[in-house]
Amino acid sequence: MNSKLRILPLILGVSILSIGLAATSCKGKKKSEATKEKQEVVSADEQTMEQIKTAEKVFNALPTPLEVAQLIKEAGAKFDASLLNPVDNKSNYTTSKSMALNLGVYVCDLSFASMYDETSLLVNYMEAAEDMATGLGILDAIDENTIERLEQNINNRDVIMEIVSETFLNSQAYLEDDEQHAVAATIITGGFIEGLYISTNMVDMKNFRGNKLVGTIADQKMSVDDLIRLLETYTDNSAIQELIGQIRELKTEYDKVPRSSAPSSSSYNQKTNMTEITGAARSEIKQDTFLAIKAKVAEIRNNYVK
Amino acid sequence: MKQLIKILLVAAVVSLIAPVSATAQCKGFAKSLCKKELGAYLHDGNYHAAVLVEGEEAELYKTFYSDLEYRMAICGADGLPPVQFSVYDATGKELYSNKEGGLNSVWDFKLEASQQLKIVVKVTTFGTRDQFPASGCVAIMFGFKTK
């Protein structure tokens with residue numbers, strides 16, 4: 001037998017095995033599971049190309065705490081420090097799950113404080129986030145240098161927000177690189193729910209109709225779907241299993257928010273050097289649905305912020 | 001067949017070593033190089049990076065909001081062929097492709113209404129049959145303007 005043909009089954013075997021291993025370890029969800037039945041009848045080449053295809057990566061990106069804080073500020077809501085998780089609570093968080101959720105919470109609170117120039121809160125909240133990160137073994141996300149840099153730039157909003165952004169990026173990157181994807185997803189969930197908690201509590205119910213912030217909260221319907229897809233990737237993790245049940249209950253409430261549909265189109269604006277996307281669907285929310293969402297978010301948050 | 005063998009060998013080697021070494025390189029690449037592409041836009045803090053082989057695709061789903069002005073930066077590491085990306089709405093309609101801009105790595109945009117977009121990223125190929133397919137980090141980063 002030709003030597004190339006002799007080694008081909010070995011190459012194919014090693015490749016399929018290793019691609020399979022890589023696909024299970026990467027962050028992205030495997031794209032298709034529906035190839036098993038076909039494999040018995042297709043040729044080796046087709047089979048292997050199919051395996052390569054299944055290794056494609058899919059990411060679900062949630063709005064980050066900074067993005068949510070910016071949206072709330074854009075909506076004109078006023079800052080309320082009483083809505084944040086008090087830093088004194090940090091000693092209550094001793095399990096990996098509670099530390100991961102509250103790392104997301106404290107980074108979210110930090111984002112709000114930085115966006116609203118609440119400089120007196122920044123160092124304490126960064127230290128609370130540092131404690132959670134240290135407890136999780138995320139050593140290079142937040143350290144003494146971060147706190148020092150924060151203190152030195154306490155009145156420089158741009159630098160502060162840059163530091164907060166880096167903190168979140170470092171935590172996520174460390175955990176993703178360390179194959180701790182479920183912990184990274186838990187932090188994202190904590191931050192997302194905290195953003196929803198703060199925003200739903202900032203709505204002035206006397207000015208519900210036409211309230212821009214209400215519209216922003218209604219738009220989170222799509223992000224709740226994104227969050228569920230993200231968590232469904234890690235259902236073998238017990239902490240995620242508990243969380244996903246709660247988030248599905250939130251989705252049940254969000255499913256009552258109708259979205260009108262309209263085709264979208266894009267055009268380039270030469271004045272702003274920016275593509276403008278017009279059209280698409282809009283979410284509209286009734287007052288009772290909003291209150292049900294607000295209550296569900298508070299219920300979820302109260303499970304781990306105490 | 002020769003090309004297939006090469007693809008398989010590279011994929012095998014890359015996928016075996018990627019979890020331990022290349023992902024760490026991705027973090028540095030995303031933070032030190034790709035983030036710079038966001039310029040004056042504030043990075044949202046998200047981290048999306050993976051090792052891709054030439055010809056490979058990745059998809060990302062994200063909801064974008066009507067009140068913000070965004071910049072998306074999609075960068076491939078040195079040694080990779082250019083990275084192509086296209087953006088689709090929920091109906092599958094293509095809203096943008098960087099083929100329009102000569103495979104540029106950044107795209108600035110804003111939306112009239114919040115919506116979920118799908119971003120499809122594909123590493124193009126060098127088209128050289130005599131060499132192993134290239135592989136390397138691809139990072140996807142988002143920034144928004146603060147006021």
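Tutor: The following account begins with the chain as a whole and then turns to one strand and its partners.

The model is predicted. Chain B contains one helix and nine strands, and the order from the N terminus is α-β-β-β-β-β-β-β-β-β. Of the 147 residues in chain B, 51% are buried.

The part selected is strand E9 of chain B, which spans residues 135-144. Because 10 of the 10 residues of E9(B) are buried, the strand is largely enclosed by the rest of the structure. A residue counts as buried here when 20 or more other C-beta atoms lie within 10 Å of its own.

The pairing of E9(B) can now be described strand by strand. Strand E1 of chain B, residues 42-43, runs antiparallel to E9(B) and is joined to it by two bridges; here B:His43 stands opposite B:Gly143. Strand E2 of chain B, residues 48-53, is also antiparallel to E9(B), with six bridges between them. Within E9(B), B:Ser135 is the bridge partner of B:Val53. Strand E4 of chain B, residues 69-76, pairs with E9(B) in the antiparallel sense over seven bridges, and B:Ala73 has B:Met141 of E9(B) as its bridge partner.

As a general point, side chains in a regular strand alternate between the two faces of the sheet.

How values were computed. Residues numbered from 1 in each chain as written. Chains lettered and ligands numbered in written order. Predicted model: local features only at pLDDT ≥ 70, side-chain atom pairs only at ≥ 80, totals over all residues. Helix = DSSP H or I, 4+ residues; strand = E, 2+ residues; numbered from the N terminus. Buried ≥ 20, exposed ≤ 12 C-beta atoms within 10 Å, placed from the backbone. Pairing = 2+ DSSP bridges.
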